[in-house]
Amino acid sequence: MASKNDDVLISLTGINKGFPGVRALDNMSLEVRKGEVLALVGENGAGKSTLIKILSGLYQKDSGEIRVRGEKVEIQDTKHAQALGISTIFQEPSLAQHLTAVENVYLGREVVKSFLGGAVKLLDEKTMYQETEKLYRNFFSTVEDLNRPVSELGALKNRVIEIAKALSVNASVVIMDEPTASLAEEERDVLFDFIHTLKEQGVSIIYVSHHLHELFLFTDRFHVMRDGKHIKTVNADETSVDHLVSLMVGREITNFVEKQTVPIGEEILRVSNLSRPGILKDINFHVREGEIVGIAGLAGSGRTETVRAVMGADPIRSGSVSVSGKQFRIRSPRDAIRAGIGLLPENRKLHGALTGMSVSKNITITSINKVVAMKFVINKKKEVQIAKDYIKRLGIKTPSEKQKVKFLSGGNQQKVILAKWLYTKPKVLIFDEPTQGIDVGAKVEVYNLMSEFVANGGGILMVSSDLLELKGLADRIYVMHQGEFAHEFSREEATEENITFYASGGHKA
Ligand SMILES: Nc1ncnc2c1ncn2[C@@H]1O[C@H](COP(=O)(O)OP(=O)(O)OP(=O)(O)O)[C@@H](O)[C@H]1O
Ligand SMILES: [Mg+2]
């Protein structure tokens, strides 16, 4: 692929990268043209993040050739990548949590003002603040947070700051690895506008995502990867979601499953009068055995706050939680787990996995039998067998069940946490965005496992921004608006229009 074309900004040929037991990149090639959006697509573990980390100077390739603007380069480290004009938003949150937004954006390249002919140098805090504010304003109308440590700001704003940071260096290529995870629809739209603007300015973009439909809004070419190999590069106007899926997975998969019909039983979870000043207003709902209940709403409407309050993760002013008719005083997640409630949180990186431990340990050492004082001890053989079963069903890509979770790809780590909760078998399972970051093939299996869980008498409460997912799975859907439950729909009544109507406060207009 030694192209003489002036349009080519970056080209990779014959790139190999291995880890113990894994061939992450296998003779990979790639070409990025000036001012184009190139989307990297492939299943969890296909090698997308590895490729990006090599381009960003975070990993070193084992062999192969990288050219930037025709020049052969060996990218030494992240500073070197930046100097070459490569700026990256990584899949894993990467801000320094104790620093403010401004400090993060300018970390390592602070703006300095010189006085007395250069004898005195001071940080130009004003310029840095103003520039950050300008970038930030593109996403938010209020900016009072810029001088607070980012640890206090929540996942969404953290993401925005990371994006602002990547855009603040004058890059010739911006790489984004799943940038919309935890972004709301409006913020996504702003990001997509940005992408168009960058493109017009001649900046190239490498974009990694599992949201194939969304990608068609701005992608010029798709770079399909499978098992570390380059399968094909196709022009966006010459392909479709179905075509891409078939290239990605290399086998037939069903498109979508609906929840199987199961008998609806007794009430299993009842939440009454849940309130938290300024955040949640008098929340009431219930979930029955066999039911999947959805919560829809815009980001910031209180969906995550609701499930965190039920789980005892945040303090509440008032309200009660009953499981199978028995009222519990839930003041911590430990209390909730004891009562029979499990939560698969939105921000799985921070809460979900013991990443230094093996896949099989993560699945089988469950929080529940830890708090229930190890009523039974799982024998090693059974542990391995259980882990193998989930690895197969969810298609968890790992050299073996012994691999440490931290060495798995982002999506495969999520599958492990999912398996862990499904195996824990609490009475009620709460999912906050169950398929975020999960590839198209595994999604179906996640839905099957959820259906199976309720068919065996469990109940599921599910927060999701994916309306198709909600409509396909949920028996009932509650729509939230500004910290309140605005409306309840049955599956039959729920349409995109009327959910959006309540989610955006139409009933109050
Ligand atoms: N530091 C590491 N040590 C060992 N194995 C690794 C390491 N980093 C990645 N791998 C392995 O390399 C393969 C490719 O992983 P990569 O993170 O590039 O996948 P991905 O395409 O980004 O997947 P996802 O969609 O889940 O993010 C996986 O099998 C992964 O387990
Ligand atoms: Mg990845």
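The protein is divided into three domains: domain 1 (8-85 + 170-249), domain 2 (96-158) and domain 3 (267-352 + 425-508). Please keep in mind that this is a predicted model. Between domain 1 and domain 2, the C-alpha centres are 28 Å apart.

- Let's start with β9 (residues 173-177), a mostly covered strand in which five of five residues are buried.
- Val173, Ile175 and Asp177 point one way from β9, while Val174 and Met176 point the other way, and all are buried.
- β9 runs parallel to strand β6 (residues 86-89), and four bridges join the two.
- In that pairing, Thr88 stands opposite Ile175 of β9.
- β9 also runs parallel to strand β10 (residues 204-208), here with five bridges.
- Asp177 has Val208 of β10 opposite it.

- Which residues does Ile205 contact, leaving aside its neighbours within four places in sequence? They are Glu36, Val37, Leu38, Val173, Val174, Ile195 and Leu198.
- Two of these contacts, Val173 and Val174, belong to the buried residues of β9.
- Ser87 is 118 residues from Ile205 in sequence, yet the C-alpha to C-alpha separation in space is 9.6 Å.

- Phe115, Leu116, Val120 and Leu122 make a nonpolar surface patch of about 380 Å².
- Leu122, one of the patch residues, lies in strand β8 (residues 120-123).
- Is Leu122 buried or partly exposed? Leu122 counts as partly exposed because its relative accessibility is 47%.

**The Glu36 and Arg221 salt bridge**

- If you are looking at charged pairs, a search of the whole structure finds 27 salt bridges.
- One of them joins the side chains of Glu36 and Arg221, at 2.8 Å from N to O.
- This pair links distant parts of the chain, 185 residues apart: Glu36 is in the loop between β2 (22-33) and β3 (37-41), and Arg221 is in strand β11 (residues 221-226).
- Glu36 and Arg221 are both buried.

**Salt bridges around Arg476**

- Arg476 forms a salt bridge with Glu291, and their closest N and O atoms are 2.8 Å apart.
- Glu291 lies in the loop between β14 (280-288) and β15 (292-297) and Arg476 in strand β21 (residues 476-481), so this pair ties together parts that are 185 residues apart in sequence.
- Glu291 and Arg476 are both buried.
- Arg476 also forms a salt bridge with Glu488, with 3.1 Å between the closest N and O atoms.
- Because Glu488 lies in strand β22 (residues 484-490) and Arg476 in strand β21, this second pair ties together parts that are 12 residues apart in sequence.
- Glu488 counts as partly exposed because its relative accessibility is 36%.
- Arg476 has a relative accessible area of 8%, under the 20% cut-off, so Arg476 is buried.
- Through shared partners, salt bridges join Arg288, Glu291, Arg476 and Glu488 into one network.

Conventions: Residues are numbered from 1 along each chain as its sequence is written. Chains are lettered from A and ligands numbered from 1 in the order in which they are written. This is a predicted model: local features need pLDDT of at least 70, side-chain atom pairs count only at pLDDT 80 or more; totals for chains, interfaces and linings use all residues. Side-chain values use heavy atoms; hydrogens and water are left out. Domain bounds come from an automatic or database domain assignment. Buried means under 20% relative accessible area, exposed over 50%, partly exposed in between (1.4 Å probe, protein chains only). Two strands pair if DSSP finds at least two bridges between them. Patches are made of residues with over 30% relative accessible area and no salt bridge: like charges are joined within 9 Å, nonpolar side chains (Val, Leu, Ile, Met, Phe, Trp, Tyr) within 5 Å. Accessible areas come from the Shrake-Rupley method with a 1.4 Å probe; for residues, only the protein chains shown count as cover. A salt bridge is a side-chain nitrogen of Lys or Arg within 4 Å of a carboxyl oxygen of Asp or Glu. Contact means heavy atoms within 4.5 Å.
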